[in-house]
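User: Hi! I have a model open here and would like to talk it through with you. Could you help me read it?

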Amino acid sequence: AMSITFAHGLGRFSPGMILLALSLALREGAYAYAVVGLVTGAHQLGVAVSSPVQGRLADVLGHRQVLLPDGIVYFGGTATLALGVARGWGGTALVLAAFGTGLFSPPMTACARAAFGALYEGRERERAFVLTASNIELGYLLGPLLTVGIAAVTNARVAVLAAGAGVLLGAVVYATGPRIAA
């Protein structure tokens, strides 16, 4: 259960990081604010479109079978976005890359909640759900601070990669943790 909590915590930093990291990277690359809005919006549209499907796939196929491939593809997507910004790709290519990346955002919270529901009963289950909610909020509080820190020390493209790496690391920790019949 600790590995699920830790994995969920790692995976929840990315939603608090990715949009700010993309915004900063695109502005560092001298992209117009309109492109920033389209790229970040495309990412979130990808997440919104795929979230119900990803959650259902995790229920049917198993958490590990969805989280790990999603984490790998999501990290690849963030690497593609960072490379695209560095190489000065056009807005359309970046919008498509962002949408594709968002499509593979792993359903970390849904999987953690299902796992906690299977692991615990009564008050312990309530505590686990409170911990899950706290992880989400911490990600939104600390994720932007981490993003700005990374961007200030290196550059914003590295912050984009770090957001993807957090998802990948969370997925790997979850996948290598104890098996749960959820």
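User: What is the mean pLDDT of the protein, and what share of residues reach 70 or more?
Analyst: The mean pLDDT (the predictor's confidence in each residue, from 0 to 100) is 89, and 91% of the residues reach 70 or more. This is a predicted model, so local features need pLDDT of at least 70 and side-chain atom pairs count only at pLDDT 80 or more, while totals for chains, interfaces and linings use all residues. Residues are numbered from 1 along each chain as its sequence is written, and side-chain values use heavy atoms, with hydrogens and water left out.

User: Thanks! Which elements have the lowest and highest mean pLDDT?
Analyst: Helix α1 (residues 2–11) has the lowest, at 66, and helix α5 (residues 91–103) the highest, at 98. Helices here are DSSP runs of H or I with at least four residues, and strands are runs of E with at least two, numbered from the N terminus. Where pLDDT is low, the predicted coordinates should not be read in detail.

User: Good to know. On to pockets: what volume does the largest one have?
Analyst: About 330 Å³. A pocket is an open set of points on a 1 Å grid over the protein atoms alone, where a 1.4 Å probe fits, with protein on both sides within 12 Å along at least five of seven lines; lining residues have an atom within 4 Å of a point. Grid points are joined across faces, edges and corners, and the volume is the space filled by probe spheres set on the points.

User: How many residues line the largest pocket, and which lie nearest its centre?
Analyst: There are 20 lining residues, and R12, P15, V47, S105 and P106 lie nearest the centre. Helix α3 (33–61) gives the most to this lining, with five residues. α2 (13–28) and α6 (108–119) also supply at least two residues each.

User: And by class, what is in that lining?
Analyst: Eleven nonpolar, eight polar and one charged. Ala, Val, Leu, Ile, Met, Phe, Trp, Tyr, Cys and Pro count as nonpolar, Asp, Glu, Lys and Arg as charged, and the others, Gly among them, as polar.

User: Switching topic, how many salt bridges are there?
Analyst: Two, taking a salt bridge as a side-chain nitrogen of Lys or Arg within 4 Å of a carboxyl oxygen of Asp or Glu. E126 pairs with R123, with the closest N and O atoms 3.1 Å apart. E124 pairs with R127, where that distance is 2.6 Å.

User: Where do E126 and R123 sit relative to each other?
Analyst: They are three residues apart in helix α7 (residues 122–153), so about one helical turn separates them. E124 and R127 are likewise three residues apart in α7, about one helical turn.

User: Is E126 buried, partly exposed or exposed?
Analyst: E126 is partly exposed at 46% relative accessibility, and E124 is partly exposed at 42%. R123 counts as exposed, at 58%. Buried means under 20% relative accessible area, exposed over 50%, and partly exposed in between (1.4 Å probe, protein chains only).

User: What about the largest nonpolar core, which residues touch the most other members?
Analyst: L26, V39, L81, L94 and V160, out of 24 residues. α2 gives the most to this core, with six residues. Such a core is a set of buried Ala, Val, Leu, Ile, Met, Phe, Trp, Tyr and Cys residues joined through side-chain atoms within 4.5 Å.
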